[in-house]
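This report covers a single protein chain.

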Amino acid sequence: MYTQSYSLAELGFSAHFSTQLSLDEFDTLHPCRLFGLSRDRLLACGESGLRPLIPVPPANTGDFAVGDWVLADATGRAVRRLTPINTLSRRAAGTHAATQHIAANVDTLFVVSSCNADFSVARLERYLALARQADVNPVVVLTKADLCATAADFAAQSEPLMPQLTVLTLDATAPQALNTLQPWCGTGQTIALVGSSGVGKTTLMNALTGAAGATQAARDDDDKGRHTTTAREMRRTVSGAWLIDTPGMRALRLHDSRDGLAAVFADIHALAAACRFSDCAHDTEPGCAVQAAIAAGELAEERLQRWRKLQREERHNSETLAESRARDRQFGKYVQRVQAEHNARKGRS
Ligand SMILES: Nc1nc2c(ncn2[C@@H]2O[C@H](COP(=O)(O)OP(=O)(O)OP(=O)(O)O)[C@@H](O)[C@H]2O)c(=O)[nH]1
Ligand SMILES: [Mg+2]
C-alpha cells in the first residue's frame with residue numbers, strides 16, 4: 001500500500017501536537033498518525049513509514065480514532081494518544097451506552113448524500129450538528145447529479161440548513177469531481193467522508209486518491225457482490241491531503257451536541273431569543289417569535305419539528321452516556337478500594 005514515508009508536516013503534525021511532548025518523549029518516542037485500526041492493532045505512519053502498533057493496556061483500539069496522533073516506542077507500542085484538535089464521534093449503535101469515534105483531527109467533513117431517494121434534510125442536519133459540535137467545517141456534497149434532472153433543487157433545499165453552508169453537486173464518477181473538491185484538499189489537510197451506504201463516498205475517495213478502493217456496484221434486488229466499505233481508513237489524495245473514508249452509517253445518534261445543534265439551528269435560536277418569555281416552548285405562548293415566523297412563512301414548521309426531535313434525542317443520549325460514565329467511575333473506584341485493601345492485607349501478613 002504505502003511504501004514511501006512522509007514528513008511529520010506532510011502528515012499534518014503541528015504545534016498543537018509538538019507542544020504536548022516532554023523533552024524525554026522527544027528523545028525516545030516517535031509521533032505517528034493513525035491510518036487505520038482493527039480489533040487489536042493500530043496501523044500508524046510516522047517519518048519512517050507505516051507500522052502496526054499495539055495499544056498499552058488498559059487502552060484498547062476503541063480508545064483511538066483514525067486520524068489520531070500517537071507516540072510510539074521502539075517495540076511497536078502506542079504509548080500515548082496525543083490530545084486531538086477534534087474528534088468526531090457518535091453514540092454507538094445498540095443499547096450499550098458508549099461513544100464510538102468516527103475520525104480525529106479533521107479540517108473538513110464532506111457530508112455526502114445523493115440526488116435521489118437517499119436525500120433527507122433531517123439526516124443532513126444531523127451530520128451538520130456532528131461537524132459543528134466538533135468544530136469541523138462541513139461541506140455538503142450531493143452526488144449522482146448526472147442521474148438527476150433536478151440536482152439544483154436538492155442543492156436549494158440543502159443551502160438553508162445552516163448559515164454559510166457550502167453545497168456542491170457533482171458526478172462522483174467523472175474526472176471533474178477532483179477539481180470541484182480541490183479547494184479543501186491542500187497539503188496536510190484532513191477530510192472525512194460521511195453519509196449513507198451507496199451514496200458514493202468510496203467513489204469520491206478513489207477520484208481524489210487516484211487509486212481504486214472497492215466501491216459497491218449499483219444496488220439491485222440481490223445484494224451479493226457489493227463492495228461496501230467496512231472499515232475506516234485514511235489515504236493520501238493526489239494533492240497531499242488526507243482523506244478518511246467511513247462505512248455508511250445506518251444511524252447517527254447525536255450526544256453531547258448542544259453547541260452543534262445551536263450552530264446549525266442558529267435561525268431558530270435567534271428567533272427564540274426574541275420570544276416574550278425566556279422559557280418559551282414555542283407552542284401556544286403569547287409573544288412567541290418562533291410561531292410568528294412560521295405564521296409569516298419565514299420558518300418552516302417542519303424545521304422546528306426536526307430541531308425539537310434532535311434536541312430530545314441529544315438530551316436523552318447525553319443523559320444515558322453520563323449515567324453510564326458515572327457507573328464506570330464508581331466501578332473503577334470500587335476496584336481501586338478492593339485492590340488497596342488486598343495490598344494492605346498482604347503488607348500485614
Ligand atoms: N452515475 C453515478 N454513479 C455514482 C455516483 N457516485 C457513486 N456512484 C455509484 O454508486 C455506487 C456506490 O458508490 P460507493 O462509492 O461504493 O458508495 P459508498 O458511499 O462508499 O457506500 P458504502 O461503502 O456502502 O458506505 C457505485 O456503483 C458508484 O459507481 C455519481 O455521482 N454518479
Ligand atoms: Mg464505501
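Beyond its neighbours within four places in sequence, Ala192 is in contact with Leu88, Ile102, Ala103, Val106, Leu109, Ile244 and Thr246; contact here requires C-beta atoms, placed from the backbone, within 7 Å. The model is predicted: local features need pLDDT of at least 70, side-chain atom pairs count only at pLDDT 80 or more, and totals for chains, interfaces and linings use all residues. Residues are numbered from 1 along each chain as its sequence is written, while chains are lettered from A and ligands numbered from 1 in the order in which they are written.

Ala192 is also, with Val70 and Val111, among the residues with the most contacts inside the largest nonpolar core, which has 78 residues. Such a core is a set of buried Ala, Val, Leu, Ile, Met, Phe, Trp, Tyr and Cys residues joined through C-beta atoms within 7 Å. Helix 3 (residues 121-133) gives the largest share of this core, 6 residues; helices are DSSP runs of H or I, at least four residues, and strands are runs of E, at least two, numbered from the N terminus.

**Phe64**

Phe64 sits in the loop between strand 3 (49-55) and strand 4 (69-72). Phe64 counts as buried because it has 23 C-beta neighbours inside 10 Å (buried: 20 or more other C-beta atoms within 10 Å; exposed: 12 or fewer; partly exposed: in between; C-beta atoms placed from the backbone). Leaving aside neighbours within four places in sequence, its contacts are Leu34, Leu37, Leu42, Pro55, Val70 and Arg81.

**Domains**

The domain assignment gives domain 1 (15-81), domain 2 (87-245) and domain 3 (258-334), with bounds from an automatic or database assignment. Contacts join 14 residues of domain 2 to 12 residues of domain 3. On the domain 2 side, helix 3 supplies the largest share, 8 residues.

Terms used
Two residues are in contact if their C-beta atoms, placed from the backbone, lie within 7 Å.
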